[in-house]
Amino acid sequence: GGKRCQELGCEKQAQGGGPLQRCSAHGGGKRCEEPGCDKGAKRPGSKCKSHGGGWRCEEPGCEKSARDGKLRRCMAHGGGKRCQ
């Protein structure tokens, strides 16, 4: 469902509005506000994960990206999926 990326051969969902209907891999959606960076921005915030966007691990002293917004922990501190 929904609109598809207009890039030839791409079947991913288009991100955001505007005249260019493209997936995040092909430049659609919100971009990182850091000068010279063209990666997609992660919520919360307006930057990519490399520049501090997205959820961060809540473990004191840890600056890594959280694996999900629910637990807000990096893999080392118990975030993400585990083997069954």
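# Briefing: bridges, cysteines and a pocket

The structure holds zero disulfides (a disulfide is a pair of cysteine sulfur atoms within 2.5 Å). Cysteine 48 is in no disulfide, and the nearest cysteine sulfur, that of cysteine 37, lies 3.8 Å away. This is a predicted model, in which local features need pLDDT of at least 70 and side-chain atom pairs count only at pLDDT 80 or more, while totals for chains, interfaces and linings use all residues. Residues are numbered from 1 along each chain as its sequence is written, and side-chain values use heavy atoms, with hydrogens and water left out.

**Cysteines**

- Is cysteine 48 buried or exposed? Cysteine 48 counts as buried, because its relative accessibility is 2%. Buried means under 20% relative accessible area, exposed means over 50%, and partly exposed is in between (1.4 Å probe, protein chains only).
- Cysteine 74 has its closest cysteine sulfur in cysteine 57. The two sulfurs are 3.8 Å apart, which is too far for a bond.
- Cysteine 74 is buried, because its relative accessible area is 3%.

**Salt bridges**

- How many salt bridges does a search of the whole structure find? The search finds four. A salt bridge is a side-chain nitrogen of Lys or Arg within 4 Å of a carboxyl oxygen of Asp or Glu.
- One of them joins arginine 22 to glutamate 7, with the closest N and O atoms 3.8 Å apart. Arginine 22 is partly exposed, at 27% relative accessible area. Glutamate 7 is partly exposed too, at 30%.
- Glutamate 34 and lysine 47 also meet through their side chains, at 3.3 Å from N to O. Glutamate 34 has 27% relative accessibility, so it counts as partly exposed. Lysine 47 has 25% and counts as partly exposed.
- Glutamate 59 pairs with arginine 73 in a salt bridge of 3.1 Å, N to O. Glutamate 59 is partly exposed, with a relative accessible area of 29%. Arginine 73 counts as partly exposed at 27%.

**Glutamate 58 and arginine 72**

- Glutamate 58 is partly exposed, because its relative accessibility is 47%.
- Which residues does glutamate 58 contact, leaving aside its neighbours within four places in sequence? They are Leu71, Arg72 and Arg73. Contact means heavy atoms within 4.5 Å.
- Glutamate 58 and cysteine 74 are 16 residues apart along the chain, and their C-alpha atoms are separated by 8.3 Å.
- Arginine 72 is not a glycine, yet it has a positive phi of about 55°. Arginine 72 is partly exposed, with a relative accessible area of 26%.

**Lysine 64**

- Lysine 64 has a relative accessible area of 47%, so it is partly exposed.
- Setting aside neighbours within four places in sequence, lysine 64 is in contact with Arg56, Cys57, Cys74 and Ala76.
- Lysine 64 lies 8.9 Å from glycine 52, C-alpha to C-alpha, and the two are 12 residues apart in sequence.

**The largest pocket**

- Rolling a probe the size of a water molecule over the atoms shows where empty space is left.
- The largest pocket has a volume of about 270 Å³. On a 1 Å grid over the protein atoms alone, a pocket is an open set of points where a 1.4 Å probe fits, with protein on both sides within 12 Å along at least five of seven lines. Grid points are joined across faces, edges and corners, and a volume is the space filled by probe spheres set on the points.
- The residues lining this pocket include Gln15, Ser24, Lys30, Arg31, Ala41, Lys42 and Arg43. Lining residues have an atom within 4 Å of a point.
- By class, the lining has one nonpolar, seven polar and four charged residues. Ala, Val, Leu, Ile, Met, Phe, Trp, Tyr, Cys and Pro count as nonpolar, Asp, Glu, Lys and Arg as charged, and the others, Gly among them, as polar.
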